[in-house]
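Work through the exercises below with the model open. Try each task before reading its solution.

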Amino acid sequence: MSGMGEAAARSRVADISLASAGHQAIDWARRHSPVLDGFIRQRLEDGALTGRKVAVVVHLEAKTAFLATVLADAGAIVVAAGSNPWTTRDDVAAALVERGIEVHSSRRSAPEVWEADLMKVADTEPEYIIDDGAELTVRIARDRPDVYSRLKGVSEETTTGVARLRQLEEAGRLPMPAIAANDAACKHMFDNRYGTGQSTIQAILHLTNLRLPGKRVAIVGYGWVGRGIANYVHSLGGRVVAVEVDPIKALEAHTDGHEVANLMTALGGADLVITATGGMRSIAERHFSALAPSTVLANAGHHDLEIDVPALRDSSTSAEEVRPGVTRFMLDGEKPVFVLAEGALVNIAGGLGHPVEIMDLSFSVQALGCHLLASGDLSPGVHEFPAELDEEIATAKLASEGIRLDVLEEGQSDTLSGLLKADTWRSSGSQ
Ligand code: NAI
């Protein structure tokens, strides 16, 4: 059987005949990913990944698929699944299978089907996981202890996933190294902040066909994601009201020029509410009474747990999809509120995901994280992504855009020893 035939026999995708559109989408991602397609490919040529089994469990769309192909081209045996049952692109999944990569995923699959897909990936006994939300890692830890004990490393994409890995470590249940790819500057700052900021607002405007000027937008959680969203809301004429539980973050939102309020106050005047906390049920049943009529609710945090949509359904007299991806819930029989993408990540389930150029950075971090796991001898536990690799990615990105950096010249560096010289001290006074 050919590589494609073998992959097809082992895979579960919606429809292999969709592959042609998927190939086009992956090629578009490649064209706009100069770092992954250049610098990273070269770095992976050393053979460290040859024959290594790598599971890629990230939202399965074109940019992720391109990452999977780069790893496969470097000799890895790649198997892929979606990290969320809502976000897989069926054409892209089909294209990966045609390229000989095993895939277990389809869009909007039922929760139990998605769980079964992840277990199929677990059963391939991956050595390394590129994970999102630690979705595969925690399931292998719970349900496949043998596979878990042989796992050689995890590189994690999200804030939520890194938190889960640290919990496993604290519980003494992380016997392998894990890289907090999320915490790399080239990932966290650009992906969470600018990527999610742009793609969340883009998806909300696309799904609702509304505009932002004059609208009050409550942003629940002012971390990297929240502040990125706030930046785009503000740029497009919306008025931000930030909700926080951390006083430093709340002060930051205030200093950035936004209104800051507690949740119940913010909900009362909001046209649009966006959750970005990474926690569970930031909008729960007890908050529904504070929502103004016709409020639009959207979630940008991990998974679909931030807005309690099941409780909203139970509290409503009707629930109807009034536009694709927009569900109207009638609270108390007379107050409509609208939920986007059923409370799943609005930018991915209801939009196109992050801009390609941003994912070029994020997935370069992931690829180098995987390479580091396969080539180094990191000790068990959660590791920071090395700063020197972060800088190499940033340098490659700047070079790909034709941007050159300055370097410190003689006399511009070493400020302490300069200051300590008596002449400098006298001439600069005693401040
Ligand atoms: P972060 O930790 O920097 O920020 C979260 C903020 O929420 C913190 O400042 C925290 O104090 C605040 N918070 C927590 N619970 C709260 C509550 N109940 N009410 C008000 N504030 C609360 O995390 P980051 O990087 O901003 O990520 C947030 C979430 O977004 C995570 O789940 C992450 O995985 C997810 N994410 C989603 C992306 C997407 O494409 N939609 C992309 C990147 C991250």
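This is a predicted model: local features need pLDDT of at least 70, side-chain atom pairs count only at pLDDT 80 or more; totals for chains, interfaces and linings use all residues.

**Exercise 1. Helix on helix**

Task: Describe how helix α2 and helix α4 cross, and which residues meet.

Solution: 
- Locate the helices. Helix α2 covers residues 19–31 and helix α4 covers residues 62–73.
- Take the axes. They come within 8 Å and cross at roughly 75°.
- Classify the angle. Angles from 65 to 115 degrees count as roughly perpendicular. The helices α2 and α4 are therefore roughly perpendicular to each other.
- List the contact. From α2 come Ala25, Ile26, Ala29 and Arg30; from α4 come Ala62, Lys63, Ala65 and Phe66.
- Sort these residues. The contact of α2 with α4 has 6 nonpolar and 2 charged residues, and no polar ones.

**Exercise 2. Strand β5 and its partners**

Task: Determine which way the residues of strand β5 point, and whether they are buried or exposed. Then trace the pairing of β5 with β4 and with β6.

Solution: 
- Start with the side chains. In strand β5 (residues 153–156), Gly153 and Ser155 point one way, Val154 and Glu156 the other way. All are buried.
- Go to strand β4 (residues 128–131). It runs parallel to β5, joined by 4 bridges. Ile130 has Ser155 as its bridge partner in β5.
- Go to strand β6 (residues 177–180). It too is parallel to β5, with 2 bridges between them. Ser155 has Ile179 as its bridge partner in β6.
- Follow the chain. From β5 it passes through helix α9 (residues 159–170) to β6, and this β-α-β crossover is right-handed.

**Exercise 3. The open sheet**

Task: Give the strand order of the open sheet with 8 strands, and find its edge strands.

Solution: 
- Read the order. It is β9-β8-β7-β10-β11-β14-β13-β12, and the pairing is mixed.
- Find the edges. β9 (259–260) and β12 (316–323) each pair on one side only.
- Check one pair. Strand β11 (residues 296–299) and strand β14 (residues 335–340) are parallel, with 2 bridges. Here Val296 stands opposite Phe338 in β14.

**Exercise 4. Helices on strands**

Task: State which strands are touched by helix α10 and which ones helix α11 lies across.

Solution: 
- Take α10 (residues 185–208). It packs on the sheet and touches β10 (272–275), β11, β12, β13 (326–331) and β14. The direction of α10 makes about 140° with that of β10.
- Take α11 (residues 224–235). It lies across β7 (216–220), β8 (239–243) and β10. Helix α11 runs at about 170° to β7.

Technical notes: Residues are numbered from 1 along each chain as its sequence is written. Side-chain values use heavy atoms; hydrogens and water are left out. Axes are lines fitted to C-alpha atoms, for helices over the stretch in contact, and angles run from 0 to 180 degrees between N-to-C directions. Angles under 35 degrees count as roughly parallel, over 145 as roughly antiparallel, 65 to 115 as roughly perpendicular and the rest as oblique. Contact means heavy atoms within 4.5 Å. Ala, Val, Leu, Ile, Met, Phe, Trp, Tyr, Cys and Pro count as nonpolar, Asp, Glu, Lys and Arg as charged, and the others, Gly among them, as polar. Buried means under 20% relative accessible area, exposed over 50%, partly exposed in between (1.4 Å probe, protein chains only). Two strands pair if DSSP finds at least two bridges between them. A crossover is right-handed if, with the strands pointing away from the viewer, the path from the first strand over the helix to the second runs clockwise.
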